[in-house]
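Please work through the exercises below with the sequence and the structure at hand. Each task is followed by a solution in steps.

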Amino acid sequence: MTPGINLQQTLSRTMLAVSDEPQLIYVLLEAHAEGVAQQLPKLPLNLCLVLDRSSSMRGERLMQVKEAAARIVDQLGPDDYFSLVVFNDRADVVIPAQRAIKKSDMKAAIAQIEAAGGTEMAQGMALALQEVQRPFLTRGISRLILLTDGRTYGDESRCVEIARRGQSRGIGLTALGIGTEWNEDLLETMTASENSRAQYIATAQDVVKVFADEVKRLHAIFARQVHLSLETRPGALIRSLDQVRPFIAPITIVEEEERRWAANLGDWPDTGVQGFLIEVVVPVLPVGDHPLLKLTLRYHLPAANLRDQVREELIRISMRPAAEVTQRVDATVRHWLERLVAYRLQASAWQHVAEGRLAEASERLRMAGTRMLSVGDTALAHTLQQEATRILRSGTASEEGRKRIRFGTRGLIGPVASDERETGT
Amino acid sequence: MIVCPNCVAKQLDGTIFCTECGASLIDTGPPESTRELDAAAVVSHEPSPASSLLSDDNAPSDHIVALIVVSNRRRIEVNLSDEVLIGRADPTRGIIPDVDLGPFGGYDAGVSRRHAILSYRDGTYRVEDLGSANGTFINGRRIEPMRATTVQPGDEIICGTLLLRLEVHHRKR
């Protein structure tokens, strides 16, 4: 079997009733690697840890972070590069970029890190970006992993600018927030790009696992610069495209020319499933089977020296007289859509809070709670209910509740579930 | 076109969750927005399951039929010996419907003076839209005017944008 990406499509309804109005259909697109693990060597990693060592990190948090950093060193192979930058009011290089060979020296340096001072994240980011660009890799994965527990004041826009500069050069950012004090708007803005994401670490005990999982995921990357283009039939419209597996992320999709839409999907690991939900407006069509969408997935397989691999998929829709059509909706599509709807509801709730429309905000959170309850996340549903009530009473959500909701609805409270779910219920 | 039973936003056919309020638009048990209502609405009756379905017995006097105005949880009992007119009272024109939605925000919600007929015959409830200006919807789906369409106890009936729910309880003897 040639290594590559396998695509699977599921429609919310396989048949639509003929109608004199346009209709909405949801397409779940699931992708997984095929024949990769056996045939392709791993891509080398070039990892830079950017660690907050402000005084609030003292104690359990810093201990766990140092433990986690040492574990990462253990996970790396001789082809991988590693560097470590710490910051408080200033930034220092603790481990300059080098191959992960002298592991005991690296761990000794990690053990020396002490907490003190304030939080000036931009300094740390700038130094880390410089460090991660030192090694020359022809086909490796470069990545910054940032961990912070506090707010940085005054240099937020510089942080975003540095993150963007890295992303434009193919250097992704994983931003991890620990505790309840950090600025989730900032971390989400810094990571609003493919190959980047923010994640919430609710308790210090989770740090080691979150770091280890991330390195494992980066090691598993096999397809790079995955690009999706969608060609619609005349009259059809793409209303939205969102990633739903392994976590929820809205994706920018643009109509590049008439009826041709395009989106960048980043780098993919060969473990688990990448799932996407597409909302398509189907135009008025006569009885019969019709092509609706042509999907083209284009990607590189650097480990096999293969560029511009292409996988195509045609999505067809069947129009039938109303009497022959059931209203049954595919359960898997419904499951992922329901999670996505909960995420969208909470996002609009925060918007309403910012505009002072508290009753609407509370209503949105309550409905998000209903959605999460329906998909089986009782704990998060409970948090949503609590914060809905709190907003009505006090006009604001709690720091922790807001973070749990923002990251929980996306599936990004660490450690992230391994997403082995294959079918919905 | 479907109308969200929770927030009355207009949605494309095939939509599974309302894009405005997130309510489910496909039938999976009782509508979420009215869950609280069931308990509150039944208190005036002998205890009986809120969703009890009709028995084969088709004598309407065995049932208590009511329309619930979901937005303010008001309950309008209906004497359904044959059929009732749903609409908005206009004494100057001599229109006095059996179910007057005027006091329930009917004007703002676009309820016509002669909006629809609710009937009960041969064990079946039916709603017929009388060519109203803003239409009648059953469970979010617009019904054809001038044609009696079957409704089940628990179904949502929207007149214009006013959301009602049909409730039927067995009367214990």
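The exercises concern a predicted model, and they treat aromatic rings, a sheet and cavities in turn.

**Exercise 1.** Classify the ring pair A:Tyr200 and A:Phe407, and state where its two residues lie in the chain.

*Solution.* Begin with the total, which is five aromatic pairs over all chains. In the pair of A:Tyr200 and A:Phe407 the ring centres are 6.3 Å apart and the planes stand at 50 degrees, so the pair counts as tilted, given that stacked requires under 30 degrees and edge-to-face over 60.

**Exercise 2.** Decide how the rings of A:Trp268 and A:Phe276 are arranged, and whether A:Trp268 is buried or exposed.

*Solution.* The ring centres of A:Trp268 and A:Phe276 are 5.8 Å apart with the planes at 20 degrees, so this pair is stacked. For the second step, compare the relative accessible area with the cut-off for buried, which is under 20%: A:Trp268 has 4% and is therefore buried, and A:Phe276, with 2%, is buried as well.

**Exercise 3.** Find which strands stand at the edges of the open five-stranded sheet in chain B.

*Solution.* Write down the strand order first, which is β6-β5-β7-β8-β11 in chain B, with mixed pairing. The edges are then β6 (99-100) and β11 (149-151) of chain B, each of which has a single partner strand, so one side of each is left without a neighbour in the sheet. Inside this order, strand β5 (residues 83-87) of chain B and strand β7 (residues 114-121) of chain B run antiparallel and are joined by five bridges, and B:Gly87 has B:Arg114 as its bridge partner in β7(B).

**Exercise 4.** Describe the linings of the two cavities of 30 Å³ or more.

*Solution.* Take the largest cavity first, which holds about 40 Å³ of space. Its lining has three nonpolar, four polar and three charged residues, and β7(A) gives the most to this lining, with three residues. The second largest cavity holds about 30 Å³, and its lining divides into seven nonpolar, one polar and no charged residues, with the largest share, three residues, coming from α4(A).

Methods. Residues are numbered from 1 along each chain as its sequence is written. Chains are lettered from A and ligands numbered from 1 in the order in which they are written. This is a predicted model: local features need pLDDT of at least 70, side-chain atom pairs count only at pLDDT 80 or more; totals for chains, interfaces and linings use all residues. Side-chain values use heavy atoms; hydrogens and water are left out. Rings of Phe, Tyr and Trp (its six-membered ring) pair if their centres lie within 6.5 Å; planes under 30 degrees apart count as stacked, over 60 as edge-to-face and the rest as tilted. Helices (H or I, at least four residues) and strands (E, at least two) are DSSP runs, numbered from the N terminus. Buried means under 20% relative accessible area, exposed over 50%, partly exposed in between (1.4 Å probe, protein chains only). Two strands pair if DSSP finds at least two bridges between them. On a 1 Å grid over the protein atoms alone, a cavity is a set of points where a 1.4 Å probe fits but cannot get out, and a pocket is an open set with protein on both sides within 12 Å along at least five of seven lines; lining residues have an atom within 4 Å of a point. Grid points are joined across faces, edges and corners, and a volume is the space filled by probe spheres set on the points. Ala, Val, Leu, Ile, Met, Phe, Trp, Tyr, Cys and Pro count as nonpolar, Asp, Glu, Lys and Arg as charged, and the others, Gly among them, as polar.
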